[in-house]
Amino acid sequence: MTRAATATQVLRMDRVTAGYYANDTVLDQVSLEARPGRVTVVLGPNGSGKSTSLRVLSGFLNARSGRTMLGSEGIDGLPPGERLARGIALLPQGRSVFPGLTVEENLRLGAWMLRKSPQRLQAAVDAMYDRYPVLRPLRSRPAGSLSGGQARLLEFGRTLILEPSVLLIDEPSVGLAPVLVDQVYDEIARLRDEGRTILLVDQNVQAAIDMADYVYTLAYGRNHLQGERSQFADELDSLIKQWLNL
Amino acid sequence: MSLSQLPQLLINGMLLGCIYAGFALGLSVILGVLKVVNLAHSAVLVLATLCYWELVNALGVDPLLSIVPIVVLFYFFGLALHRGVAQRLAREHDSTVLLAFFGIMVTIESIAVLIWTTDTRNVRLGYLGTVLRFWDLNIALSRVAAAVLIILVLTVIHLLLTRTLTGAAIRGLSENRDVASMVGIGVDRLTRRVFAAGTALAAFGGCILGLAMPFTPQGHVRWLAWAFLVVIIGGMGSVLNTLLAGLAIGLTESIVSVVLPTQYTYLILYAILAIALLVRRTGLGGVSERAV
């Protein structure tokens, strides 16, 4: 496994308040921390601010107050491309391939930040074919013609092509056939074993807790509970009941 | 119509078709990539024709060479138009955008009339004014030059879009803006450049208009309709389909105008448009794409 020299680092958001419009507050003083080589899971009912947290951390939404940090460096206000250059990559919810572009073009666009050095770009693309050999024979197929599982692998490939040290993963199993869901979580486990920092947002509570090292729960845009996985395994049932009653 | 006329009609139609494809290029790029219905397309096109006319007729610059400064000038005009207007409309409703560009069209047209009056003009073609004769065929050299230039430009655009990373980024931008910015593409800057390139291509179409036929500052609306016809029949996202659609329209016009009274030309063309829309909403390009 070839890994870039990007040092894995702690990703942190500290008392972040954010919203999409001037007078709505989706996140209210939310703090999260994700550590290298661990899967940190964020759970919560719909509308509790899980995806919004990822948007703030990946630079698509600016926090109104509070801080976002990678290691000891503040990353507030940096656009998505700058965060990508620092090793933070987002795997968004739902289909995110460019359907009209070929598999190869999708991967090459994933490596857009390397466009100034064609050799490194090509090497990065080849490394992804080595990582996901299934994609190699499909390289000139339009991504829109791939099966759900193949497209998900392509999305992983596009997200990983710059060898990010921090991965923000939003609902990785939504819309996938049950047989593919296991593969997705296996892949996330592999990413963790490679020492990357993983922040996972998931509605699939059972699967997420199974692979979590540390769990946060959000409710109404605020921090609710947090702790090591062992604390949550028993509480799971009551937790879900609690959400349904919220 | 006698059969002996046919080769002449086919050649006329094909040359005209290339020219129509040239008129549609800028519209197709801005609509296809940025999803902006640029109603001011033809006004920009004719403004470029007038500037082109000034260069060639008043300053005596070579008619082929003059195309370069016009296209460059309008690239910057496009940048300014995007910064001043289009960019501010990014989050607005489609109808607002349509109305704004209609306003730009009226403004440009009015300014053009103030400066250049409503006279019909001809670009002084010089050496391009000759008519080539082969056997029984008469072919205007200026139209051949126009067609060659258009095919050249179409080929370059096609290669740029399909063979380069920037081209992939532009197509990616048109498919999913969010993901495009996720991979680090500066989408705002790329958008501005695509808009400027579309404006420069409209200006290129304007130079072609000057080369190929007489024009007036107010006669551009017809070319707007024609450009939409080409874009809708050809579909967006493939420049080669734009050329095919242009050829189909040019050939139809050229042949129908001989077989039937002139007024039927429009009827037939719009019937083709209706059929194209019925077959597939994205145009004929969508059909061939599905067949692949």
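Which residue is the bridge partner of Leu70(A) in strand 5 of chain A? I looked this up and found Glu73(A).

I noted that this is a predicted model, in which local features need pLDDT of at least 70, side-chain atom pairs count only at pLDDT 80 or more, and totals for chains, interfaces and linings use all residues. Residues are numbered from 1 along each chain as its sequence is written, and chains are lettered from A and ligands numbered from 1 in the order in which they are written.

Sheet of chain A. I took helices (H or I, at least four residues) and strands (E, at least two) as DSSP runs, numbered from the N terminus. Strands count as paired if DSSP finds at least two bridges between them. I read an open sheet of 4 strands in the order 2-1-4-5, with antiparallel pairing. Strand 2 and strand 5 (73–74) stand at the edges with a single partner strand each, so one side of each has no neighbour in the sheet.

Strand 1 (residues 11–18) pairs with strand 2 (residues 27–34) over 5 bridges, and there Met13(A) stands opposite Leu32(A). I also found 5 bridges from strand 1 to strand 4 (residues 65–70), where Asp14(A) stands opposite Arg67(A). Strand 4 and strand 5 share 2 bridges.

Contact between chains. I counted residues as in contact if their C-beta atoms, placed from the backbone, lie within 7 Å. The contact takes 18 residues from chain A and 14 residues from chain B. On the chain B side, helix 6 (165–175) and helix 7 (177–182) each supply at least two residues. Helix 6 of chain B gives the most, with 6 residues.

Definitions and conventions. Contact = placed C-beta atoms within 7 Å.
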